[in-house]
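Notebook, secondary structure and packing. I went through the model element by element and wrote down what I looked up.

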Amino acid sequence: MSKKRHIEANPQELLENAASSVTRVLLVDDQQIVAEAIRRMLLGEENMEYHYCSDPAKAIAEAVDFQPTVILQDLVMPDIDGMMLLRFFRANPVTKSIPIIVMSSKEEANIKSEAFELQASDYLVKIPDKIELIARVKAHSRSYLAQQQRDEAYRQLRSMQIELEKKNKELERLSSLDGLTGISNRRRFDEYLEQEWLRAARGNKVLSLLLADIDHFKTFNDNYGHQGGDDVLRRVAQAIERGVHRPGDLSARYGGEEFAIILPDTDTEGAARVAEAMRVAVDSLNIPHAHSTAADHVTLSVGVASTIPREGGLPSTLIESADEALYKAKHCGRNRWVAADDEVESTDRSEENDEEKTKPKPAARAAG
Ligand code: GH3
Ligand code: MG
Ligand code: MG
């Protein structure tokens, strides 16, 4: 036999067969005379290949090798019960869906019935009429190949779907990350703030927000170059990221050199501690910045705002509140955090609320 033995049917090969509609007939019969008669009947047929197996014990192996599109099988053979062979064909993953036309010299309803029970596809009484045999062989082969084609198309579709799902997940992940720093981006921040705002409103929980801004970053860029600036952004982002510990916390790049940190279920005191830890983390990166008025190295100012959100309230009020606190931190000399005073209603702030809690600027590092 020229074909290599296959453990599994090769779908590509099946598809090629389907395209060229080659009918591959395997006959399993112990009688040479039947084999010869069938061979002659199929002889002149175009696109038809015929293989004869005289030993039913080898039938499965030869079917796996030959890859028939239809099997003609005798029911009465000396060494093996035809019904048993039918079971074997159906139990083997390679042959289980190949159409099997059983052939018997007996025209008995209960034998036919049993064969169909065992998933025979058709039944012919030996020796069949040539025209009828060819018609049945071709019809079964055609529907088998069409089914194979559908199965293969389905498999390909399924694997494309899986691939697509993977790509979509990756895309979603990438679309929520900032390209420069690798931490969450503004889009993700907006989504998450909205989500946490609603969650806090439902649970009557306090929600805190930090807005952090690198001090005198424009002069850093102007003096050390944009590449150097980008590098600082990456390092500051990593320092900030290291400062958030709870699974619900989210740090994001809010804009140019501004970062935002969402701290669910965290009051002003806790948020201020995180702000201070971040300020210290950036401070201790000790990135030289000779053109800052705040220190001789890169520093961070942070605005802290907390609120117990109301249903129907706007997350933007919390951002405004943190932004105002950040502005004050800048105004008070930078390299510090300032917490907005009112915890609940960031919309109706009054003049007397202007006294912010503020972390005093630490003593400036001695240069050199
Ligand atoms: P302040 O202490 O008041 O925050 O001063 P500042 O100079 O940091 O603030 P300003 O808003 O005047 O300047 C922000 C600068 O941040 C402008 C730009 O040079 C720099 N910047 C913004 N985005 C990027 C970026 O993606 N890469 C780099 N390298 N620089 C950026
Ligand atoms: Mg800024
Ligand atoms: Mg700045």
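In which sense do E9 and E10 pair, and over how many bridges? I found that E9 and E10 pair in the parallel sense over three bridges. Strands pair here if DSSP finds at least two bridges between them. The elements are DSSP runs numbered from the N terminus, with at least four residues for helices (H or I) and at least two for strands (E).

Before going on I noted the conventions. This is a predicted model, in which local features need pLDDT of at least 70 and side-chain atom pairs count only at pLDDT 80 or more, while totals for chains, interfaces and linings use all residues. Residues are numbered from 1 along each chain as its sequence is written, and chains are lettered from A and ligands numbered from 1 in the order in which they are written.

Entry on E9. I looked up the bridge partner of Val302 in E10 and got Trp337. On E6, the pairing with E9 is antiparallel over eight bridges, and Leu211 stands opposite Gly303. I then checked burial (buried: 20 or more other C-beta atoms within 10 Å of the residue's own, with C-beta atoms placed from the backbone). Eight of the eight residues of E9 are buried, so the strand is largely enclosed by the rest of the structure. Leu300, Val302, Val304 and Ser306 point one way, and Ser301, Gly303, Ala305 and Thr307 the other way. In a regular strand the side chains alternate between the two faces of the sheet.

Entry on H10. I checked the length of H10 (residues 315–331): its 17 residues should span 24 Å at 1.5 Å a residue, and the end C-alpha atoms are 25 Å apart, which agrees. The expected span is 1.5 Å times one less than the number of residues. The buried residues of H10, among them Leu318, Ile319 and Leu326, pack against helix H7 (186–203), strand E6 (207–214), strand E9 (300–307) and strand E10 (337–339). Contact requires C-beta atoms, placed from the backbone, within 7 Å. Just after H10, I noted a positive phi of about 120 degrees at Gly333.

Entry on the other sheet. I traced five strands in an open sheet with parallel pairing, in the order E2-E1-E3-E4-E5. Strand E2 (48–53) and strand E5 (122–125) are the edge strands, each pairing on one side only. I also looked at E3 (residues 70–74) and E4 (residues 100–104), which pair in the parallel sense over four bridges. The bridge partner of Leu72 in E4 is Ile101.

Definitions and conventions. A residue is buried if 20 or more other C-beta atoms lie within 10 Å of its own, exposed if 12 or fewer, and partly exposed in between; C-beta atoms are placed from the backbone. Two residues are in contact if their C-beta atoms, placed from the backbone, lie within 7 Å.
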